[in-house]
Amino acid sequence: MEFTLFGAAYTFTVTRWSRKGFSSFVLLFFAYKCREAADYGSLTVDDSGVPTFNMTTAQKVNAVIQGAKDVMACVDEIGTRHQRSVLDYAVWYREKHTCWDTYENYITMLACNCIVHTYFLAPGVTWELVTFGMT
């Protein structure tokens with residue numbers, strides 16, 4: 001996910017939605033709430049607990065796009081609540097919350113990983129002098 005905020009470019013890379021990681025994501029995705037089958041396909045679980053996904057490529061893409069939107073919504077919520085301490089919060093969350101058993105935890109962990117790996121809204125190391133009347 002590439003975006004610009006306050007003039008700085010960021011790239012959030014999520015690799016957990018590919019190959020084997022996709023099935024973990026989709027299990028949590030469908031468990032979180034009822035999804036529209038036409039948009040996202042379906043998940044069935046047999047009597048022995050084995051899940052089967054019935055998803056077209058387009059529906060898989062839709063699920064990933066929704067997941068990306070959910071990550072960005074989570075980043076926005078973290079920023080709204082913790083403002084100048086976004087990076088500190090993300091580091092704290094990753095240290096204290098290691099369970100990925102719900103979609104909410106999964107998305108929050110991905111959002112925090114993205115924040116940490118990109119130094120999102122991290123304070124600058126050098127300061128450019130800004131004073132009133134300086135233009």
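A helix here is a DSSP run of H or I at least four residues long, and helices are numbered from the N terminus. The model on screen is predicted.

**Stop 1: helices H4 and H5**

Select residues 86–96, which form helix H4, and residues 103–117, which form helix H5. The two helices pack at an angle of about 130°, and their axes lie 9 Å apart. Angles from 65 to 115 degrees count as roughly perpendicular and those over 145 as roughly antiparallel, so H4 and H5 are oblique to each other. The crossing of H4 past H5 is left-handed.

Now show the side chains where the helices meet. On H4, pick Val86, Leu87, Tyr89, Ala90, Val91, Tyr93 and Arg94. On H5, the contact is made by Asn105, Thr108, Met109, Cys112, Asn113, Ile115, Val116 and His117. Coloured by type, the residues of this contact divide into 10 nonpolar, 4 polar and 1 charged.

**Stop 2: Tyr103**

Stay on helix H5 and select Tyr103, which is placed in that helix. Is Tyr103 buried or exposed? Its relative accessible area is 3%, so Tyr103 is buried.

Next, display what surrounds Tyr103. Apart from neighbours within four places in sequence, Tyr103 is in contact with Phe25, Leu28, Phe29, Tyr32, Arg35, Gln66, Gly67 and Asp70. Then select Ala31 and draw a line between the two C-alpha atoms: Ala31 and Tyr103 are 7.5 Å apart in space, although 72 residues separate them in sequence.

**Stop 3: the cysteines**

A disulfide is a covalent bond between the sulfur atoms of two cysteines. How many disulfides does the count come to? With a cut-off of 2.5 Å between sulfur atoms, the count comes to 0.

Select Cys74, which is in no disulfide. Its nearest cysteine sulfur belongs to Cys112 and is 6.2 Å away. Cys74 has 14% relative accessibility and therefore counts as buried.

Move on to Cys99, also in no disulfide. Here too the nearest cysteine sulfur is that of Cys112, at a distance of 15 Å. Cys99 counts as partly exposed because its relative accessibility is 43%.

**Stop 4: Gln83**

Finally, select Gln83. Where is Gln83 found? This residue sits in the loop between helix H3 (57–82) and H4. Check the backbone: phi of Gln83 is near 35°, a positive value in a residue that is not glycine. With 56% relative accessibility, Gln83 counts as exposed, whereas Tyr103 at the second stop is buried.

Terms used: Residues are numbered from 1 along each chain as its sequence is written. This is a predicted model: local features need pLDDT of at least 70, side-chain atom pairs count only at pLDDT 80 or more; totals for chains, interfaces and linings use all residues. Side-chain values use heavy atoms; hydrogens and water are left out. Axes are lines fitted to C-alpha atoms, for helices over the stretch in contact, and angles run from 0 to 180 degrees between N-to-C directions. Angles under 35 degrees count as roughly parallel, over 145 as roughly antiparallel, 65 to 115 as roughly perpendicular and the rest as oblique. A crossing is left-handed if the near helix is turned anticlockwise from the far one by less than a right angle, and right-handed if clockwise. Contact means heavy atoms within 4.5 Å. Ala, Val, Leu, Ile, Met, Phe, Trp, Tyr, Cys and Pro count as nonpolar, Asp, Glu, Lys and Arg as charged, and the others, Gly among them, as polar. Buried means under 20% relative accessible area, exposed over 50%, partly exposed in between (1.4 Å probe, protein chains only).
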